[in-house]
Amino acid sequence: MNSSNAMNIAKVLTEALPYIQRFAGKTIVVKYGGNAMEDDQLKRGFARDIVLMKLVGMNPVVVHGGGPQIGQLLERIGKKSEFVQGMRVTDRETMDVVEMVLGGLVNKEIVNLINQQGGKAVGLSGKDGRLIRARKMTLTKQVADEKLPPEIIDIGHVGEVHQIDPRIVELLDTADFIPVIAPIGVGDDGATYNINADVVAGKLAITLKAEKLMMLTNTSGVLDKDKQLLRKLSPKEAGSLIADGTISGGMLPKVNFALDAVASGVRACHIVDGRVPHAVMLEIFTDQGVGTLIGS
């Protein structure tokens with residue numbers, strides 16, 4: 001190692017130190033999805049970042065998605081994916097596939113990746129320890145005659161979070177384990193529901209009184225009208241960008257989840273480019289970061 005490389009390493013470590021001190025003992029919920037879940041190098045980098053967080057005293061909690069993997073398996077068994085208002089129609093057979101992919105294949109791959117990097121990850125679904133209580137989500141569509149009530153659309157086993165019991169997550173945290181959670185919930189009737197991973201991550205961060213919520217995406221973060229990255233936004237500034245249409249499309253629900261979390265006590269939410277190697281570490285441990293921070 002030459003002196004230049006050594007100096008760069010020293011600079012990085014010095015920059016990281018105050019963040020390590022500030023977030024020691026704090027819970028950070030990370031929603032893991034998008035390209036970061038599909039590229040082997042990015043997957044290994046993500047696992048190392050999570051292990052590093054735990055080693056320096058933080059309590060990372062991973063919530064993952066798996067939409068593309070679900071679609072691929074449905075295609076292999078000859079079942080067509082159908083979406084209504086962006087939600088996957090989930091009949092009983094599709095729900096079986098969702099649970100197999102999220103609670104089995106994807107969850108265990110992430111657990112294995114973290115453990116290979118020296119961590120102690122434990123895979124959970126929302127059904128374990130009654131972690132996520134769900135209720136059925138219903139969608140509506142306005143009919144032609146506005147005097148009539150909206151039409152109710154049944155999309156099957158798609159749910160929303162009704163209640164979270166964090167005790168099993170808190171127990172794992174205190175025992176030095178890293179929880180890895182599949183966004184599957186169970187209703188009062190015992191039915192299983194597929195829930196949006198961003199929603200689960202946000203609600204979990206609120207329930208755990210997390211210091212941070214981090215959402216990995218396939219974009220660089222929140223962009224202004226000139227497509228330039230906005231590195232920090234207050235809730236008021238984010239609201240103004242929603243109102244004038246700057247924040248729209250797929251970014252809109254993510255920002256709304258972030259605002260809900262911040263308004264409910266989570267200190268900051270980060271919308272981070274998961275396509276960047278070691279995005280989690282760069283966002284938490286460096287001054288510049290690689291995404292958009294929403295908070296006070």
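**Pockets, a cavity and a helix pair**

Modeller: In this predicted model, the second largest pocket holds about 340 Å³ of space. Of the 20 residues that line the second largest pocket, Tyr 19, Arg 22, Lys 212, His 270 and Leu 293 lie nearest its centre.

Biologist: Which elements each supply at least two residues of the lining of the second largest pocket, and which of them gives the most?

Modeller: Helix H1 (3–23), strand E15 (268–273), H9 and strand E16 (291–295) each supply at least two residues, and H1 gives the most to this lining, with three residues.

Biologist: How is the lining of the second largest pocket divided by class?

Modeller: The lining of the second largest pocket has six nonpolar, six polar and eight charged residues. Among the residues nearest its centre are Arg 22 and Lys 212, and Arg and Lys count as charged.

Biologist: What is the volume of the largest pocket, and which residues are closest to its centre?

Modeller: The largest pocket has a volume of about 970 Å³, and of its 35 lining residues the closest to the centre are Lys 31, Gly 67, Asn 196, Ala 197 and Asp 198. By class, this lining divides into 16 nonpolar, 14 polar and five charged residues.

Biologist: What makes a space a cavity and not a pocket, and how many cavities of 30 Å³ or more are there?

Modeller: A space counts as a cavity where a 1.4 Å probe fits but cannot get out, whereas a pocket is open. The count comes to one cavity of 30 Å³ or more, and about 40 Å³ of space lies in the largest cavity. Helix H2 (40–55) and helix H9 (279–285) each supply at least two residues of the lining of the largest cavity, and the largest share, four residues, comes from H2. The lining of the largest cavity divides into seven nonpolar, three polar and one charged residue.

Biologist: Why are H7 and H8 called roughly antiparallel to each other?

Modeller: The axes of helix H7 (residues 235–243) and helix H8 (residues 251–263) cross at roughly 150°, and angles over 145 degrees count as roughly antiparallel. H7 and H8 are therefore roughly antiparallel to each other, and H7 passes H8 in a left-handed crossing.

Biologist: Which residues of H7 and H8 meet, and of what class are the residues in this contact?

Modeller: Pro 235, Ala 238 and Ile 242 in H7 meet Leu 252, Val 255, Asn 256, Leu 259 and Val 262 in H8. By class, this contact has seven nonpolar, one polar and no charged residues.

Terms used
Residues numbered from 1 in each chain as written. Predicted model: local features only at pLDDT ≥ 70, side-chain atom pairs only at ≥ 80, totals over all residues. Heavy atoms only, no water. Axes fitted to C-alpha atoms, helices over the stretch in contact; angles between N-to-C directions. Parallel < 35°, antiparallel > 145°, perpendicular 65-115°, else oblique. Left-handed = near helix turned anticlockwise from the far one by under 90°. Contact = heavy atoms within 4.5 Å. 1 Å grid on protein atoms, 1.4 Å probe; cavity = no way out; pocket = protein on both sides within 12 Å on 5 of 7 lines; lining within 4 Å. Points joined across faces, edges and corners; volume = space filled by probe spheres on them.
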